[in-house]
Each structure stands twice: as C-alpha cells, then as structure tokens.
Amino acid sequence: MIALACDHGGIDLKDAAIEVLNELGLEYKDFGTDSHESCDYPVYGARAAKAVASGECEKGIILCGTGVGIGIAANKVKGIRCVICTDTFSARMSRLHNNANMIALGSRVLGSELAKELLRVWLTTDFSYDERHIRRVDMIMDIEAGKEIE
C-alpha cells in the first residue's frame, strides 16, 4: 500500500501519481487534499509519513508546489527517509542506496510526464541491501535516534 498526500499546490500532480500507481498495479491510500483550496502542507505530509512510519503503508508519495515543504515535514516523522526529487538519477539512487521510503515532488517545478517517470523509477527500484548501504542507512537512523556516529 502506498500513502498518497498533497496540499493545494501539489493537487495538479495527484492524478499523474494515481495514473502511475494504477499502471503499476499498486494500491494506495489517499490522505488528502482533494481541492485547490489553500491548506497547510505539514498536515498532509505528516498524515502520509505517519502511515509509512507505522507500517500501515509501505512507501509514500507526497506533493506540494515544490516538494520541499511537504518533504521537510515528512522527514520530521521518526523512521521517514523522504527524498525531494526532480531527476531520475536521484529517484533511482534514493531507493537503491538510501532506501528512501517516501518521495516528494513539486507540481510547480515538474511537468506531469517527468513526475510520472520519476515515480515509475522510484517505485520500481529496490534497495540494494549491499553491506555498505545498509550500514549507511543504519547510521542515518542512529542520527535520528540521537546517537553519535563516526
């Protein structure tokens, strides 16, 4: 199950995201919003991130005007590794090397075709499970837990 959420600024990419999810046969849970009426992106980013962090959803797609605000909000939820993404290389590497569990896209910086390609790449790339990448993701999680790393 994929968590899906956006604010009013990201609503224009929501249909594109749903198209890709349907194309890939992935179920999703929509955490809102569903209109262009002004709303607060942290609310929607947090809803989706909490669903991913709790295990209710495996991954999350969040959308706002730039992807930045909603991505920052999601990254405040313990256990979330959200990539704010504008290119396919970063989309691929965020999964392969960083095991990103959420992706944030911006409707004011991406066209719908590029957004769909980013989502296809991100959703179909698996974490490498190479020892060095596992170690580095573990270090990221240690930082989140307040531990010292070296």
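In this predicted model, the count of aromatic pairs comes to 1. The rings of Phe127 and Tyr129 have centres 4.8 Å apart and planes at 70°, and because planes over 60 degrees apart count as edge-to-face, the pair falls into that class.

**Aromatic residues**

- Tyr129 belongs to the loop between α5 (112–124) and α6 (131–144), and its phi is near 55°, a positive value in a residue other than glycine.
- Another ring, that of Trp122, has Arg95 lying over its face, at 5.9 Å from the ring centre.

**Cys6 and its surroundings**

- Cys6 is part of strand β1, which covers residues 2–6, and with a relative accessible area of 0% this cysteine is buried.
- Not counting residues up to four places away in sequence, Cys6 touches Ile11, Lys14, Gly32, Thr33, Tyr44, Leu63 and Ile70.
- One of these residues, Ile70, is 64 residues apart from Cys6 in sequence, while their C-alpha atoms are 7.9 Å apart in space.

- Thr33 sits in the loop between β2 (28–30) and α2 (41–54), where it counts as buried at 8% relative accessibility.
- When neighbours within four places in sequence are left aside, the contacts of Thr33 are Cys6, Asp7, His8, Ile11, Lys14, Cys39 and Tyr44.
- The peptide bond that leads from Gly32 to Thr33 is cis, with omega near -10°, although most peptide bonds are trans.

**A nonpolar surface patch**

- Val68, Ile72 and Ile84 together make a nonpolar surface patch of about 230 Å².
- Of these residues, Ile72 lies in helix α3, which covers residues 68–75, and Ile72 counts as partly exposed at 46% relative accessibility.

**Positive phi at Asn99**

- Most residues other than glycine have a negative phi, but the phi of Asn99 is near 50°, a positive value in a residue other than glycine.
- Asn99 has its place in the loop between α4 (88–96) and β5 (102–106), and at 18% relative accessibility Asn99 counts as buried, because the limit for that class is under 20%.

Key:
Residues are numbered from 1 along each chain as its sequence is written. This is a predicted model: local features need pLDDT of at least 70, side-chain atom pairs count only at pLDDT 80 or more; totals for chains, interfaces and linings use all residues. Side-chain values use heavy atoms; hydrogens and water are left out. Rings of Phe, Tyr and Trp (its six-membered ring) pair if their centres lie within 6.5 Å; planes under 30 degrees apart count as stacked, over 60 as edge-to-face and the rest as tilted. A charge sits over a ring if NZ of Lys or CZ of Arg is within 6 Å of the ring centre and within 35 degrees of the ring normal. Helices (H or I, at least four residues) and strands (E, at least two) are DSSP runs, numbered from the N terminus. Buried means under 20% relative accessible area, exposed over 50%, partly exposed in between (1.4 Å probe, protein chains only). Contact means heavy atoms within 4.5 Å. Patches are made of residues with over 30% relative accessible area and no salt bridge: like charges are joined within 9 Å, nonpolar side chains (Val, Leu, Ile, Met, Phe, Trp, Tyr) within 5 Å. Accessible areas come from the Shrake-Rupley method with a 1.4 Å probe; for residues, only the protein chains shown count as cover. A salt bridge is a side-chain nitrogen of Lys or Arg within 4 Å of a carboxyl oxygen of Asp or Glu.
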